Amino acid sequence: MKKIRMITAVTLIAVILGSLLTCFAEEAPGKAYVTISDGKTVVAAMKEVDVTDKDEDGKTTINDLLIAIHETDCKDGFASVNGDYGLSITKLWGIENGGGYGFYLNDQMASSLADEVKAGDSLYAYVYSDTTAYSDAYSFFDQKTVSDQGGKEITLTLKYVSGLDENYAPVFSALEGADITADGKDLGVRTDAEGKATVTLPDASALISAHKEGVVLVPPVLVSSVTAPATTEADTDGTTAAPAATGDVTTGASGSGSGRSSSTVWIVIAVIVIALVCVGVIARGKKKNGAN
Ligand SMILES: [Ca+2]
């Protein structure tokens, strides 16, 4: 009898461990963050997107992220083709302008839509607003998300692509004299010679950006998310809504928060079940010994 119980217990534990491993194998995909400017305004700001192989080419790439965000936020708004210069965008956010699109991955110029991406990456794709001279200059803050800092002061550094070097690689420079905005309204703060500005973040969630007279900027994006206590002003517009605590995306932290937490729950459940089984086996063994 004792042996049968032991075998049953071991089998149970094996089954539990087996299903645990299956859980890990099917863990939710990691998340990356996608920002899109349609040439006039920021239409998606640091939106969480699953890193999955949407175009089924065996890799997760910039193309996959753009397919994913358009599926949910701008249906039929994206198209790309494999041409002489590799995979390139022909439609972004519903706009077909003959090829005036750009994209940066983690604030570095991406070489192709087929560049691989991983969880934690941030992608910024934009439509050129200047479709004659293509003077749109990519720009970015040193922070992309802040959580629950409403009403507090933070210092931002703004950089932009001031030109290209001899290898056509972007040259990043501090941008002086840019006005910082919150949801499109000037905050009355300008960047200094080092591109720095100290701003007081609005109390509620807001999209922090910047503009400068005489420079066609691809707007920089900082999502300030404030989890307001019991207000009804929750921003339901997914386009500029601040994602809830997206973590430190600038460090390229890998893994999905939700995937991780669901795994943790499974581990806790498994440990409890295993412990209960062990206790049960021991208790019954003792009982039997006592009876003998
Ligand atoms: Ca793919």
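These are my notebook entries on a predicted model and what I looked up in it.

**Entry 1: ground rules**

I number residues from 1 along each chain, as its sequence is written. Because the model is predicted, local features need a pLDDT of at least 70, side-chain atom pairs count only at pLDDT 80 or more, and totals for chains, interfaces and linings use all residues.

**Entry 2: confidence and overall make-up**

I looked up pLDDT, the predictor's confidence in each residue on a scale from 0 to 100. The average for the protein is 83, and 69% of the residues score at least 70. Residues 231–260 have a pLDDT below 50, yet in the model this stretch has 59 contacts beyond near neighbours in sequence. Two residues are in contact if their C-beta atoms, placed from the backbone, lie within 7 Å. Where pLDDT is low, predicted coordinates should not be read in detail.

I then listed the secondary structure and found 3 helices and 17 strands. Helices (H or I, at least four residues) and strands (E, at least two) are DSSP runs, numbered from the N terminus. Of the 292 residues, 30% count as buried. A residue is buried if 20 or more other C-beta atoms lie within 10 Å of its own, exposed if 12 or fewer, and partly exposed in between, with C-beta atoms placed from the backbone. Among contacts with a separation of 6 or more, 59% join residues 24 or more positions apart.

**Entry 3: the sheet from β2 to β6**

I traced an open sheet of 5 strands with mixed pairing, in the order β2-β1-β7-β5-β6. Two strands pair if DSSP finds at least two bridges between them. β2 (42–50) and β6 (108–109) are the edge strands; each has a single partner strand, so one side of each lacks a neighbour in the sheet. β5 (residues 101–105) and β6 are antiparallel and share 2 bridges. In this pair, Tyr104 has Met109 of β6 as its bridge partner.

I looked next at helix α2 (residues 62–73), which lies across β1 (31–37), β2, β5 and β7 (122–127) and runs at about 110° to β2. Axes here are lines fitted to C-alpha atoms, for helices over the stretch in contact, and angles run from 0 to 180 degrees between N-to-C directions.

I checked the length of α2: at 1.5 Å a residue its 12 residues should span 16 Å, and the end C-alpha atoms are 16 Å apart, which agrees. The expected span is 1.5 Å times one less than the number of residues.

The buried residues of α2 are Ile62, Asn63, Asp64, Leu65, Leu66, Ala68, Ile69 and His70. They pack against β1, β2, β3 (79–83), β4 (86–91), β5 and β7. Leaving aside neighbours within four places in sequence, Leu65 is in contact with Ala32, Val34, Val49, Val117 and Leu123.

A nonpolar core is a set of buried Ala, Val, Leu, Ile, Met, Phe, Trp, Tyr and Cys residues joined through C-beta atoms within 7 Å. The largest one has 55 residues, of which Ala32, Val34, Ile62, Leu65, Tyr101, Leu123 and Ala125 touch the most other members. β2 supplies the largest share of this core, 6 residues.

**Entry 4: the sheet from β9 to β13**

I traced another open sheet of 5 strands, also with mixed pairing. Its order is β9-β17-β15-β12-β13. The edge strands are β9 (145–147) and β13 (185–190), each pairing on one side only. From one strand to the next the twist averages 25°.

I went through the pairs from the β9 side. β9 and β17 (residues 222–225) are parallel over 3 bridges, and Val146 stands opposite Ser224 in β17. Strand β15 (residues 206–211) is mostly covered, with 5 of its 6 residues buried.

**Entry 5: positive phi outside glycine**

I noted Tyr134, whose phi is near 50°, a positive value in a residue other than glycine. Tyr134 sits in the loop between β7 and β8 (137–141) and counts as exposed, with 12 C-beta neighbours inside 10 Å.

I also noted Tyr168, not a glycine either, with a positive phi of about 60°. Its place is the loop between β10 (153–164) and β11 (170–174). Tyr168 is exposed, having 7 other C-beta atoms within 10 Å.
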